[in-house]
Amino acid sequence: MALDRDLQSIQEVRDLIAKAKVAQKEYATWDQARVDVLVKAIADACIAKVEPLAKMAVEETGFGIWQDKVIKNLLGSKITYEYIKDMKTVGVIREDKEKKLMEVAVPVGIVAALIPSTNPTSTTMYKTLISLKAGNAIIVSPHPNAKKCILETVRIIQEAAKKAGAPDGLIGCVETTTMQATDALMKHPDTGIILATGGSAMVKAAYSSGNPALGVGPGNGPSFIERSADIPAAVKHIMDSKTFDNGTICASEQSIVTESCIADKVKEEVKRQGGYFLNEEQSKKLEKMIMRANNTMNPAIVGKSVQTIARMAGITVPEGTRVLVSEQTEVGPKHPYSREKLCPILAFFVEPDWEKACEKSIQILQNEGAGHTMTIHSQNEAVIREFALKKPVSRLLVNTPGALGGVGATTGLAPALTLGCGAVGGSATSDNISPLNLFNIRRVAWGLCELDDLRAQAGMAQQPAGCASGSCAAGAGLNSSDVERITREILAAVLKKN
């Protein structure tokens with residue numbers, strides 16, 4: 001009797017985990033050099049296929065621009081590899097002779113990698129490389145709408161891994177994609193950690209699974225153009241970012257915030273570089289397309305071109321338009337332009353000065369996207385510092401495109417397609433996720449002193465053998481405050497020595 005699809009998918013997950021557990025146990029015996037050979041072989045295989053996989057992703061999902069997905073695939077393979085290749089992630093990774101401490105990397109075991117439809121092939125490459133570099137097995141859970149291109153990416157990776165001698169089952173992929181399969185993968189007791197990249201509901205489910213998880217919240221980054229900014233360069237960065245792969249990277253700008261004294265110059269530059277400012281009627285028409293009835297982002301506009309979105313909204317835009325821009329004043333859940341829009345749509349806010357712009361940026365982030373990313377374009381170091389001190393984000397990007405800077409392509413941040421949002425964003429980390437997030441550290445510590453040394457440092461006589469601490473304290477005439485004082489002195493001595 002054939003199993004129902006949901007039951008079949010759950011059994012498939014169990015079988016994948018069983019194989020991955022055996023494979024990872026063998027893989028954990030490999031030394032750093034052998035792990036690095038495997039990681040390089042996989043990276044090379046991915047690099048060789050960046051273009052066909054990019055085209056497959058666009059064809060299957062309808063999201064984005066294949067030429068830009070080539071760059072994303074290079075980020076997930078070549079750029080990621082170059083960043084992680086020299087990391088010490090296996091065995092003894094650090095020794096401190098003075099403090100007599102040794103640190104040993106301990107793999108988390110099996111990584112459950114949830115892959116989104118917006119960046120399917122690149123995220124699969126990236127998560128595989130960082131997981132294997134850290135000594136783990138990985139099981140990929142594809143988004144159903146990008147299943148074909150994700151499976152092909154995994155096939156390329158598995159083939160390269162096999163040639164490099166990887167144990168069978170080290171890299172697995174769920175082929176019967178159901179919600180029940182993903183749930184079983186996340187909740188399985190042998191799952192070491194979940195890398196959750198996708199919608200808010202899925203990320204919350206990962207954190208509710210009972211297993212460790214690293215997830216990301218929504219992005220909704222404003223971009224502040226301050227009066228000292230190079231306005232043409234600032235607008236170019238924003239336009240490059242917002243049009244890159246039709247805005248599907250969650251670190252891309254969602255709003256422009258600028259000061260009234262330069263607002264006209266900024267608007268003219270936006271127009272010159274292909275931004276089209278919607279009139280009130282057009283803004284209202286497009287507004288209805290941004291969110292669904294349940295107040296979540298409409299997937300029909302995600303990763304679509306300006307022309308497609310305009311046609312869907314029933315508005316006409318000039319030829320050559322790159323981004324649709326709507327002037328706004330209000331921020332909130334019922335104001336769609338102040339929300340995340342993973343497509344070439346921007347809100348435009350004008351404030352009297354940088355202090356008010358700072359407040360508006362915080363308001364936008366607290367509405368949605370807290371903990372994620374924002375950008376600032378300025379030459380004023382004092383203003384940049386104030387934004388750094390006050391903004392509820394994990395990444396403040398300065399004079400660079402948000403989409404490319406946030407993922408580490410145009411900045412010194414770790415190359416990553418999973419961007420932590422910190423506690424304020426409901427995430428377990430604020431890091432760009434790398435192999436360093438995917439192993440634990442076993443610390444080996446040698447003794448530095450004896451109890452007698454601690455007592456001597458605290459000015460106490462050696463306690464006679466067999467004397468109960470309470471009676472000795474009483475015999476010495478110590479009261480409770482004396483005991484508290486001595487305890488503090490002992491702790492201070494220990495801390496000073498270490």
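This is a predicted model: local features need pLDDT of at least 70, side-chain atom pairs count only at pLDDT 80 or more; totals for chains, interfaces and linings use all residues.

Reader: How many helices and strands does the protein chain have?

Author: The protein chain has 18 helices and 15 strands. Its C-alpha trace spans about 90 × 65 × 40 Å along the principal axes. Of its 498 residues, 54% count as buried. Now take contacts between residues at least 6 apart in sequence: 72% of them join residues at least 24 apart.

Reader: Next, the sheet. What is the order of the strands in the open sheet of seven strands?

Author: Read the order across the sheet: β10-β11-β12-β9-β8-β13-β14, with parallel pairing. The edge strands are β10 (275-277) and β14 (393-398), and each pairs on one side only. Neighbouring strands are turned by 25° against each other on average, direction ignored.

Reader: How many bridges join β13 to β14?

Author: Five bridges join β13, residues 371-377, to β14. Find M374 there; L396 in β14 stands opposite.

Reader: Which helix lies across β8, β9, β10, β11 and β12?

Author: That is α10, residues 263-272. Helix α10 runs at about 120° to β10.

Reader: How do I describe two packed helices?

Author: Two numbers describe such a pair: the angle between the axes and the distance between them.

Reader: Which residues of α2 meet α6?

Author: L38, A41, I42, A45 and C46 in α2 meet I156, I157, A160 and A161 in α6. The residues of this contact divide into nine nonpolar, no polar and no charged.

Reader: Last, the backbone. What should I expect of phi?

Author: Most residues other than glycine have a negative phi. Now look at N246. Its phi is positive, about 55°, although N246 is not a glycine. N246 lies in the loop between α9 (231-243) and β9. N399 also has a positive phi, near 55°. N399 is found in the loop between β14 and α15 (402-406).

Reader: Is N246 buried or exposed?

Author: The relative accessible area of N246 is 10%, so N246 is buried. N399 has 29% relative accessibility, so N399 counts as partly exposed.

Technical notes: Residues are numbered from 1 along each chain as its sequence is written. Side-chain values use heavy atoms; hydrogens and water are left out. Two strands pair if DSSP finds at least two bridges between them. Helices (H or I, at least four residues) and strands (E, at least two) are DSSP runs, numbered from the N terminus. Axes are lines fitted to C-alpha atoms, for helices over the stretch in contact, and angles run from 0 to 180 degrees between N-to-C directions. Contact means heavy atoms within 4.5 Å. Ala, Val, Leu, Ile, Met, Phe, Trp, Tyr, Cys and Pro count as nonpolar, Asp, Glu, Lys and Arg as charged, and the others, Gly among them, as polar. Buried means under 20% relative accessible area, exposed over 50%, partly exposed in between (1.4 Å probe, protein chains only).
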